Amino acid sequence: MDAVLLGRAKRIAAVWALGAIGLSGAAWACLALGLHFAAAAFVFLVAVICLALLDGLRSSLAFVAAAALCLLYFFIPPYRSFAAAAKEDMAALAAFVLASGLIVALVHRLRSLTDAHREQARMLAQAEAAYLAEAQRLSGAGSFGWNLDKNEFVWSDECARIFEAKQGPRPGIDFIAGRIHPDDAGAFQALVTKTRAERAPFEFETRLLLPGDKVKHVHVVARPLPDAPAQFVGALMDVTDRKAAADALRRSEYRYRNLFQAMAASFWELDFSGVGKIVGKVRAAGVKDLVAHFAAHPDLVREMMRETRVLDVNDETVSLFFGGDRGKVTGSVEPFWPEASNHVYAASVVAAITRKPSYAAECRLKTLDGREIDALFTACFAPETVAAGKLLIGVIDVTERVRAQAALERVRAEFAHAARVSMLGELTASIAHEVNQPLAAIAANAAAGQRWLDRPEPDLVEVRAVIDRIIADGARAGAIIARVRAMATQKPPEHGPLEINVAIGEALSFLRHELQTHGVEAVAELAPELPRVRADRTQIHQVVVNLVVNAMQAMAAAPAPRRIRVSSVRAGDGVEIAVEDSGPGISAAHKARLFESFFTTKPGGMGMGLPICRSIVEAHGGRIDVQDRPEGGARFRVTLPIAQRDAHT
Amino acid sequence: MLVGVEPLIAIIDDDESLRTALTGLVRSLGYRAQAYPDAEAFLAAPHTQAIACIVTDIHMPGLSGIDLRHRLAAEGVVAPVIMITGRSEPGLEARVLASGACCLLRKPFDAGALDACIKRAVARPG
């Protein structure tokens with residue numbers, strides 16, 4: 001505060017000293033030149049105006065007063081005296097004071113106005129500079145000017161910040177060249193040379209290598225000023241972050257492309273916008289149940305397929321569907337859908353328009369050369385791609401798997417067949433006995449018939465009865481042979497409605513003699529009026545025979561009476577067959593492994609009987625298990641599902 | 001043999017069709033025949049008429065033909081027994097003959113052989 005006052009006092013002292021010198025000088029000059037009052041007044045007026053430019057109004061008015069006193073002392077008679085003069089001289093002096101006062105006041109008014117304007121302009125300039133600097137900082141873009149003729153380079157603070165330079169507004173072109181990444185230095189020099197020669201606008205991107213091995217990417221645009229072709233102005237922007245984001249995006253895109261291309265699954269990018277239009281029309285026509293509508297209009301489904309255009313496919317698709325020829329990748333997906341798979345395509349369309357996230361189904365697809373494959377078809381309905389009318393489809397070729405399954409099924413059937421044949425071998429004696437019974441009856445009947453005929457009066461009534469019995473016995477023998485043949489031949493299982501009680505009876509007839517031989521009594525307790533099960537007759541024979549033979553063998557060492565109970569009963573949605581024996585039962589340790597292949601407790605046993613039973617029962621959609629009977633012995637239980645047509649009886 | 005009355009032959013077999021066939025054959029040979037499904041049924045039946053001969057299957061549920069022969073012997077029944085079998089197990093014939101059966105026939109058997117056996121049996125003094 002004191003310093004300010006002191007400064008102001010010094011300034012006032014200097015102004016006043018200057019005023020004193022100026023006025024004294026004016027007075028001296030006027031006296032020396034012998035000027036009279038009017039001329040001297042003019043000189044003083046000029047001096048006062050000049051002094052008024054130096055300082056405030058008060059000093060100026062003081063100088064006006066001082067000038068008036070000088071005029072009164074030196075130039076108004078009586079000279080060298082302040083004594084009163086003539087009236088007209090006093091009027092002239094008053095006019096001088098008034099005029100100079102007015103002029104001084106005007107000068108000050110003018111000066112204060114000018115000062116305000118200047119202050120305003122200065123503040124505005126400051127604000128603009130601050131605003132520009134802030135804008136540059138925010139945008140990460142700096143501005144620069146480059147004079148080619150003078151090789152002068154000026155830049156904004158933001159440029160300096162980007163370059164991490166402390167050089168101020170004139171860094172020099174060599175400094176800039178030094179910050180360019182060595183790998184980009186050649187290109188930078190070429191640009192400088194070219195611009196100097198051609199003076200053409202340029203735009204380029206380069207890397208900077210900053211202290212601490214920090215790398216930045218900058219984007220530069222510049223052009224010459226219209227009226228000064230050697231003066232370039234430009235903008236310089238730090239694009240490191242944008243570049244990193246773009247790189248990340250590119251890498252992600254690259255990864256996606258890699259996945260799309262390199263996966264061992266077939267991928268399709270499809271344009272189904274045309275399908276949307278068709279579905280829109282169908283809905284506009286008032287169709288509510290699209291699934292039924294598509295099922296009833298296969299032509300419409302084919303049309304939608306033709307409107308599903310192939311945009312892109314991966315290499316796996318090219319080799320799987322296009323015979324390895326990428327040149328053929330075009331057109332619609334229609335050629336790849338056999339008629340039999342229409343419903344899968346239709347279901348995928350319905351899934352897409354009901355905004356399901358995805359759809360998958362196993363179906364047959366066709367390759368371009370007409371081969372049909374088993375495929376796992378998956379469609380992904382990502383909202384952003386669906387909105388753009390695009391669809392990503394994945395197809396996995398499961399032909400091999402389906403073929404392997406079929407082969408497994410065949411092997412299983414062959415194995416069951418082999419087991420049946422082996423079983424027939426073991427039961428040969430029993431079967432021969434079973435056939436021998438009706439044969440013996442036929443022979444006896446035929447002989448009787450002969451004798452009735454040989455009588456003096458042939459008894460034709462007896463002959464007729466005998467022939468009827470022969471026919472019945474022949475049929476019985478034929479039925480046994482047919483069952484044996486069914487057991488022996490290998491044919492694919494036929495799952496049809498089957499009367500389980502009849503099948504159980506037939507199976508037991510194979511074993512009657514065998515059971516007798518082993519001193520085992522078999523009791524069948526079959527529930528009447530059971531619904532039919534869906535099963536293959538021969539395989540059910542095989543299961544029952546197997547379980548009964550097992551039970552018989554389990555009781556080989558048990559004391560009499562040895563009894564097997566075979567029963568059937570309705571159980572929920574199925575029919576339950578049980579084979580119970582009075583043998584020693586099955587130990588807990590064996591129970592768990594009983595249905596495993598090659599597990600056997602019998603000397604000379606193969607350990608295949610029960611595993612085959614299980615595989616047959618499971619192929620029928622049924623279950624097999626084993627329990628202990630409370631009274632001792634084992635209880636094997638087979639449950640088979642009821643045939644559809646009999647399900648409600 | 002009483003004049004005018006044919007000898008009565010008992011037929012025991014668990015297989016119904018063979019039992020019927022045997023009954024018919026025996027009747028065609030000129031005898032009366034009575035059929036039983038098993039040995040127990042035969043033993044339980046009241047024998048008001050003398051049985052001239054018994055034709056029985058060996059392997060049946062319950063008592064076998066051989067068991068039946070032993071049981072009859074124990075009861076003092078002397079009617080001759082003809083046995084029929086479908087099997088060919090070793091030692092069977094010896095056991096059959098040891099039991100006192102007069103004939104063993106194997107299925108399917110020749111009607112002439114059965115005729116001869118029955119003839120021999122009924123001709124034998126009681």
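**Briefing: chains A and B**

The domain assignment divides chain A into domain 1 (2–115), domain 2 (140–244), domain 3 (263–397), domain 4 (400–489) and domain 5 (493–649). The model is predicted. Between chain A and chain B, about 1800 Å² of area is buried, and the interface includes 2 salt bridges.

**Domains of chain A**

- The centres of domain 1 of chain A and domain 4 of chain A, taken over C-alpha atoms, are separated by 158 Å.

**Extent of the interface**

- The size of an interface is often expressed as the accessible area that is lost when the parts come together.
- Of the area buried between chain A and chain B, about 1800 Å², carbon and sulfur atoms give 52%.
- Within chain A, the residues that lose the most area to chain B are Q437(A), R451(A) and Q516(A), which together account for 28% of what that side buries.
- In terms of contacts, 21 residues of chain A meet 23 residues of chain B.

**Polar and charged interactions across the interface**

- The count of salt bridges between chain A and chain B is 2.
- A salt bridge joins R27(B) to E462(A), with the closest N and O atoms 2.1 Å apart.
- Polar contact is found for 11 residue pairs across the interface of chain A and chain B, with both residues at pLDDT 80 or more.

**Make-up of the chain A side**

- Two or more residues each are given to the side of chain A that touches chain B by α16 (428–454), α17 (460–488) and α18 (500–517) of chain A.
- The most is given by α16(A), with 13 residues on the side of chain A that touches chain B.
- By type, the residues of the side of chain A that touches chain B comprise 8 nonpolar, 7 polar and 6 charged.

**The site of C103(B)**

- C103(B) is located in strand β5 (residues 103–106) of chain B.
- Because its relative accessibility is 5%, under the 20% cut-off, C103(B) counts as buried.
- Apart from its neighbours within four places in sequence, C103(B) is in contact with V81(B), I82(B), M83(B), V96(B), C117(B) and R120(B).

**Helix α11 of chain A**

- Helix α11 (residues 298–306) of chain A has L300(A), V301(A), R302(A), M304(A) and M305(A) buried.
- Against the buried residues of α11(A) pack α9 (273–284), α10 (290–296) and α13 (342–353) of chain A.

Key
Residues are numbered from 1 along each chain as its sequence is written. Chains are lettered from A and ligands numbered from 1 in the order in which they are written. This is a predicted model: local features need pLDDT of at least 70, side-chain atom pairs count only at pLDDT 80 or more; totals for chains, interfaces and linings use all residues. Side-chain values use heavy atoms; hydrogens and water are left out. Contact means heavy atoms within 4.5 Å. Buried area is the accessible area (1.4 Å probe) that two parts lose on being put together, summed over both. A salt bridge is a side-chain nitrogen of Lys or Arg within 4 Å of a carboxyl oxygen of Asp or Glu. A polar contact is a pair of N or O atoms within 3.5 Å; within protein, one must be able to donate a hydrogen and the other to accept it, and residues adjacent in sequence count only if both atoms are side-chain atoms. Helices (H or I, at least four residues) and strands (E, at least two) are DSSP runs, numbered from the N terminus. Ala, Val, Leu, Ile, Met, Phe, Trp, Tyr, Cys and Pro count as nonpolar, Asp, Glu, Lys and Arg as charged, and the others, Gly among them, as polar. Domain bounds come from an automatic or database domain assignment. Buried means under 20% relative accessible area, exposed over 50%, partly exposed in between (1.4 Å probe, protein chains only).
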